[in-house]
Structure formats: structure tokens, C-alpha cells
Amino acid sequence: HQRDRISHQVTLSGVGVEPQSQADAYKLKHSEQDADFTFGFDELWVLAPERPGPHNWEDVGLRTVRSAIDALAAAEPAADASRLIVHGHSRGGHGAWAVATRLADRLLGVAVACGWYS
């Protein structure tokens, strides 16, 4: 059943940002009284792949993103690789545009912060 499957949030980092730090951007506190942060979303997988270099989300980097998406879908039956939300900041914003244009048939949305397109 399609509703039982969970979309992927693919988040791409800028230069010098480690994947864990990029993923940590998705922590939240449901209330001020919470002692700790909650990671992620109840109904969304957060995927933070990494490739070093200034233009790392093109070519080999795009293959890395696709491999990460497909690996999650293969490992977790509830993960729906056909429904992607892509986010990126700086170099990751550039990557978000690259992923969005090349995987448009799988895309639910894209959010770019300070990225460029080429």
C-alpha cells in the first residue's frame, strides 16, 4: 500500500560539512521542556550522503546519491525510493538542483538554500 511507504528526505551538504552535521539539522524539540532533541521525522527517512570536493554532487556524486537512495529502499521495505524530497545548502544546493533535474520523475519537492545551477 503506497501510504505505508515512507518518502526519502535527501539532504546534501556544503563544503566542509560532515554528513552527521547535515543530518543533525533535522533535530527538533517538540516542546521547550524536552531535555533532548528528537532526530528526524516520524514519516520521512533522512538520508545524508557525502562526497568530498567542490562539485561533488555531479557525475560520481550523483551516482553516490542514487546508490544511497536505492540502498535504503533495498534495506528497508517501507522506504519509498520513488518519492524524494531533496534539500541542499551551498554546494549541496547545487547538488539538490542536479538531483532534482536528473531524478525528476521521483521528485516530490526540492529546497535549495544558497545553491547555484549549471
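Predicted model: local features only at pLDDT ≥ 70, side-chain atom pairs only at ≥ 80, totals over all residues.

Trainee: Nice. Moving on to the sheet, what's the order of the strands?

Mentor: The order is S4-S1-S5-S6, an open sheet of 4 strands with parallel pairing. Strand S4 (44-47) and strand S6 (107-113) are at the edges; each has a single partner strand, so one side of each has no neighbour in the sheet. From one strand to the next, the twist averages 20°.

Trainee: What holds paired strands together in general?

Mentor: Strands of a sheet pair through backbone hydrogen bonds, and the pairing can be parallel or antiparallel.

Trainee: How many bridges join S1 to S5?

Mentor: There are 6 bridges between strand S1 (residues 6-12) and strand S5 (residues 79-89), and the two run parallel. To find your way along that pair, look for Gln9, which stands opposite Ile85 in S5. Val10 likewise has Val86 of S5 opposite.

Trainee: And what about S5 with S6?

Mentor: That pair is also joined in the parallel sense, over 6 bridges. Ile85 turns up again here, standing opposite Gly109 in S6. The chain gets from S5 to S6 by way of H3, and this β-α-β crossover is right-handed.

Trainee: Where does H3 lie?

Mentor: Helix H3 (residues 91-102) lies across S1, S5 and S6, and runs at about 145° to S5.

Trainee: Switching to charges now. How many salt bridges are there in the whole structure?

Mentor: A search of the whole structure turns up 4 salt bridges. One to look at is between the side chains of Glu50 and Arg91, at 3.6 Å from N to O.

Trainee: Where in the chain do Glu50 and Arg91 come from?

Mentor: They come from distant parts of the chain, 41 residues apart. Glu50 is in the loop between S4 and helix H2 (60-75), while Arg91 is in helix H3.

Trainee: And why would two such side chains pair at all?

Mentor: Side chains of opposite charge can pair when their charged atoms come close.

Trainee: Thanks, that gives me a place to start!

Key
Residues numbered from 1 in each chain as written. Heavy atoms only, no water. Pairing = 2+ DSSP bridges. Axes fitted to C-alpha atoms, helices over the stretch in contact; angles between N-to-C directions. Contact = heavy atoms within 4.5 Å. Right-handed = clockwise from strand over helix to strand, strands pointing away.
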